[in-house]
Amino acid sequence: KGILYIVPTPIGNLEDMTLRAIETLRTVDFIAAEDTRQTKKLLNHFDIHTPLVSYHEHNKQARGEHIIASLLEGKHVALVSDAGTPTISDPGHELVVEALHAQCKVVPLPGANAAVTALTASGLPTNHFYFYGFLSRHKKEKKKELERLKHIKDTLIFYEAPHRLQETLTIMHHIFGNRKMALARELTKKFEQFIRGTIEEVMHWAEHHEVRGEFCLLVEGNHMPDEQSVWWDDLTIVEHVNYYI
Ligand code: SAM
């Protein structure tokens with residue numbers, strides 16, 4: 001039987017591709033990619049000529065069956081998404097389950113992931129954290145989700161799209177109170193930014209800036225006022241210009 005490799009790809013900076021990821025993509029029989037055009041650019045950059053098939057939300061059932069049949073024939077397959085680690089707020093989970101059901105090995109490679117990258121430099125506690133990913137797009141459902149999360153004491157990590165930032169921060173402020181938080185923007189890209197403050201301060205900042213690009217929201221867990229877990233007092237905005245290709 002073939003092996004299904006879960007291969008992370010960069011979240012913005014091509015230099016974050018690991019040597020093992022390059023070698024794996026080169027040597028498998030084919031690559032299942034969320035968006036083949038996006039992955040083609042990556043393959044061109046690293047001079048990889050492995051055939052590509054698409055595997056995304058809308059064809060996952062039919063394509064999943066085809067991929068499992070290939071694994072059962074002994075073909076090795078790599079799964080990639082557009083950016084970061086497949087299956088983490090990206091397609092792939094069903095394929096992993098199907099491969100395991102078919103008694104095929106699933107081999108994960110470590111690599112780029114926005115949530116953990118953001119957490120490590122956020123300054124928020126890292127010993128326990130709760131990755132939520134995307135909240136619901138629907139306001140009512142989003143409120144319910146945040147109500148459920150409000151008791152958690154660990155650092156909370158969310159993914160969010162720029163056009164939903166204001167609404168999400170407003171609801172968070174309402175449900176969580178004015179907790180400390182950090183916004184990690186454009187990680188690994190040329191203009192990387194960390195905005196640290198309270199939810200209110202970040203809301204205010206976002207009102208006065210055009211918030212573009214990709215970001216993660218990191219919010220402190222539920223703490224009693226006398227057990228502060230976060231050290232900052234004022235809004236700070238730190239930009240770093242990365243070496244970027
Ligand atoms: N699978 C990816 C991973 O492992 O991080 C996540 C994919 S998810 C569809 C995309 C979301 O991840 C974005 O909306 C944003 O919240 C976050 N993200 C991705 N790249 C990022 C970056 N360079 N900087 C900050 N956040 C990023």
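Residues are numbered from 1 along each chain as its sequence is written. Because the model is predicted, local features need pLDDT of at least 70, side-chain atom pairs count only at pLDDT 80 or more, and totals for chains, interfaces and linings use all residues.

Helices (H or I, at least four residues) and strands (E, at least two) are DSSP runs, numbered from the N terminus. Two strands pair if DSSP finds at least two bridges between them. Strands of a sheet pair through backbone hydrogen bonds, either parallel or antiparallel.

Start with the open sheet of five strands. Its order is E3-E2-E4-E1-E5, and the pairing is parallel. Strand E3 (52–54) and strand E5 (105–108) are the edge strands, each pairing on one side only. On average, neighbouring strands here are turned by 25° against each other, direction ignored. Angles are taken between axes, which are lines fitted to C-alpha atoms, for helices over the stretch in contact; they run from 0 to 180 degrees between N-to-C directions. Strand E2 (residues 30–33) runs parallel to E3, and three bridges join them.

Contact here means that the C-beta atoms of two residues, placed from the backbone, lie within 7 Å. Helix H2 (residues 36–45) lies across E2, E3 and strand E4 (77–80), and runs at about 155° to E3. Helix H3 (residues 60–72) lies across strand E1 (3–6), E2, E3 and E4, and runs at about 145° to E4.

Now the other sheet. Six strands form an open sheet with mixed pairing, in the order E6-E7-E10-E8-E9-E11. Strand E6 (129–134) and strand E11 (236–241) stand at the edges with a single partner strand each, so one side of each has no neighbour in the sheet.

Five bridges link E6 and strand E7 (residues 155–160) in the parallel sense. Phe129 stands opposite Thr155 in E7. Helix H5 (residues 114–122) packs on the sheet and touches E6, E7, strand E8 (180–185), strand E9 (191–198) and strand E10 (215–219). The direction of H5 makes about 50° with that of E10. E7 and E10 run antiparallel, joined by five bridges. Leu156 has Val219 in E10 as its bridge partner. E8 and E10 also pair in the antiparallel sense, over five bridges. There, Ala184 stands opposite Cys216 in E10.

How well covered is E10? Five of its five residues are buried. A residue is buried if 20 or more other C-beta atoms, placed from the backbone, lie within 10 Å of its own; it is exposed if 12 or fewer do, and partly exposed in between. Phe215, Leu217 and Val219 lie on one side of E10, with Cys216 and Leu218 on the other, and all are buried.

Next come the cores. A nonpolar core is a set of buried Ala, Val, Leu, Ile, Met, Phe, Trp, Tyr and Cys residues joined through C-beta atoms within 7 Å. The largest has 31 residues; Ala118, Ile157, Ala182, Ala184, Cys216, Leu217 and Leu218 touch the most other members. H5, E7 and E8 are among the elements that give two or more residues to this core. E10 gives the most, with five residues. A second, separate core of 20 residues includes Val7, Ala21, Val77 and Leu95.

Which residues are closest to the ligand? They are Gly84, Ala114, Tyr159, Leu187 and Glu214, from a shell of 23. H5, E7 and E10 each supply at least two residues of that shell.

Finally, two single residues. Glu98 is found in helix H4 (residues 93–101). Glu98 counts as partly exposed because it has 19 C-beta neighbours inside 10 Å. Leaving out residues up to four places away in sequence, Glu98 touches Gly64 and Ile68. His208 is found in the loop between H8 and E10. His208 is exposed, with 7 other C-beta atoms within 10 Å.

Technical notes: Near = placed C-beta within 6 Å.
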